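Here are my notes on the model you asked me to look over.

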Amino acid sequence: MKIENGSYEGAKTIALTNKSGMTLTLCALGAGIMSIKVPDRDGISREVTRLADSGYAKEYHGLTIGRTSGRIENATFEIDGKIAKLEKNNHGVDNLHGGKDGFHGKVFSVAVNAAADCTDVVFGYDSPDGEGGYFGNVKLAVTYRVYENENKITMSFDATPDCKTLLNLTNHVYWNMSGDLREPVTDQTVYINASRVGRLNERLIVVDIDPVTPQFDFRKPRKMGEYITDESVQRHTHGYDHPFFLDGRGLDKTACSLYSQTSGIKLEVKTTYPCVVVFGDNFTGYKSTCFECQYHPDGIHQCPDDCGVCTPEKPYAETTEYVFTVK
């Protein structure tokens, strides 16, 4: 594995290039993904992620999101009599992505562990009690594993709190499989292993979970843009920005995929999470899409038995895997 160190605004960066031609560039600021380059069908290295137009660490692109991802209604929740009062940064009512003090803006420690067939980059951060309004001290590790002989990345979130508390961690990386943004993501083929989708209100809070209609059914792969102008897709969100509830979870199943005929590059996403929030980059001409693997965004209110609540005896541990192939 070729490893190159650098820095971005004083935070450490690390680029790892494997023998299969994939390069992953990471940054300690936000424990985030700055870039992923993989070979296309002609062997040309292509960028398959997209940063915000204003640069890295802007608008959540590529960053670790927490303590919770998505929107928590009324910016508050209760566990065993403890009440968390969070920042109201969504329409002045709800909490979004952990607020301004979320993990996306923290500088993490960095450790590199190399083996013969893979290399791990481990980002660490100790979140103090009360940070962002959340209770409990939390010791967090975000681990990226890059494989030497295949274009595969695993991303693991491991966290141990000192009391019962809530976490819902994801990465907000934006994808475009055409390589170097050569086509809008609406022209690319999407698969999502989900027969249920969240219904949203005007603040994009999940109000119910419905069976997918044709506009939201990606169980047979099709272009993302096929129904993009439909009123049901545009309502409140101006495109896809919905939680899809997976029909199966685990690293032995494909949760979703994205394929570009232009490049021949296909991304498969596998995850231990029950939900993928699909965001179609709706305000920049559909340049890319997010597959935010996580728990139900407002699960603490709607499905508290499976929402990311963790304890010292039952730490938080979830993994998402990205696999790149060429057709």
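This is a predicted model: local features need pLDDT of at least 70, side-chain atom pairs count only at pLDDT 80 or more; totals for chains, interfaces and linings use all residues.

1. Let me begin with a strand pair. Strand 14, residues 152-161, runs antiparallel to strand 28, and the two are joined over eight bridges.

2. How many of the eleven residues of strand 28 are buried? The count is eight, so strand 28 is largely enclosed by the rest of the structure.

3. Zooming out, these strands belong to an open sheet of nine strands with antiparallel pairing, in the order 11-12-13-14-28-24-23-18-21. Which strands stand at the edges? They are strand 11 (109-114) and strand 21 (222-223); each has a single partner strand, so one side of each is left without a neighbour in the sheet.

4. Serine 109, for instance, is bridged to glycine 124 in strand 12.

5. The largest pocket holds about 510 Å³ of space. Its lining has 30 residues, and those closest to the centre are Arg71, His97, His172, Asp241 and Phe279. Strand 22 (241-246), strand 25 (275-279) and strand 26 (289-294) are the elements that give two or more residues to this lining. The largest share, three residues, comes from strand 22. By class, the lining of the largest pocket splits into twelve nonpolar, eleven polar and seven charged residues.

6. The second largest pocket has about 250 Å³ of space. It is lined by 14 residues, with Tyr295, Gly308, Val309, Cys310 and Lys314 the closest to its centre. Strand 27 (309-310) and strand 28 (316-326) each supply at least two lining residues, and strand 28 gives the largest share, with three. So far as residue class goes, this lining has eight nonpolar, two polar and four charged residues. Strand 28 therefore turns up both in the pairings above and here, being largely enclosed by the rest of the structure while contributing to this pocket's lining.

7. The largest cavity has a volume of about 40 Å³. Gly66, Arg67, Gly98, Asp101, Gly102, Phe103, Ser127, Glu131, Gly132 and Tyr134 form its lining, which comprises two nonpolar, five polar and three charged residues.

8. On the cysteines: how many disulfides does the structure hold? The number is zero. Cysteine 163 is in no disulfide, and the nearest cysteine sulfur, in cysteine 310, lies 8.8 Å away. Cysteine 163 is buried, with a relative accessible area of 14%.

9. Glutamine 294 is worth a look. This residue lies in strand 26. Is glutamine 294 buried or exposed? It is buried, with a relative accessible area of 0%. The side chain of glutamine 294 makes a polar contact with the side chain of serine 69, at 3.4 Å.

10. By way of contrast, consider glutamate 59, placed in the loop between strand 5 (45-47) and strand 6 (64-65). Glutamate 59 is exposed, with a relative accessible area of 53%; the cut-off for that label is over 50%. Between glutamate 59 and valine 278 there are 219 residues of separation in sequence and 16 Å in space, taken from C-alpha to C-alpha.

Technical notes:
Residues are numbered from 1 along each chain as its sequence is written. Side-chain values use heavy atoms; hydrogens and water are left out. A disulfide is a pair of cysteine sulfur atoms within 2.5 Å. Buried means under 20% relative accessible area, exposed over 50%, partly exposed in between (1.4 Å probe, protein chains only). On a 1 Å grid over the protein atoms alone, a cavity is a set of points where a 1.4 Å probe fits but cannot get out, and a pocket is an open set with protein on both sides within 12 Å along at least five of seven lines; lining residues have an atom within 4 Å of a point. Grid points are joined across faces, edges and corners, and a volume is the space filled by probe spheres set on the points. Helices (H or I, at least four residues) and strands (E, at least two) are DSSP runs, numbered from the N terminus. Ala, Val, Leu, Ile, Met, Phe, Trp, Tyr, Cys and Pro count as nonpolar, Asp, Glu, Lys and Arg as charged, and the others, Gly among them, as polar. Two strands pair if DSSP finds at least two bridges between them. A polar contact is a pair of N or O atoms within 3.5 Å; within protein, one must be able to donate a hydrogen and the other to accept it, and residues adjacent in sequence count only if both atoms are side-chain atoms.
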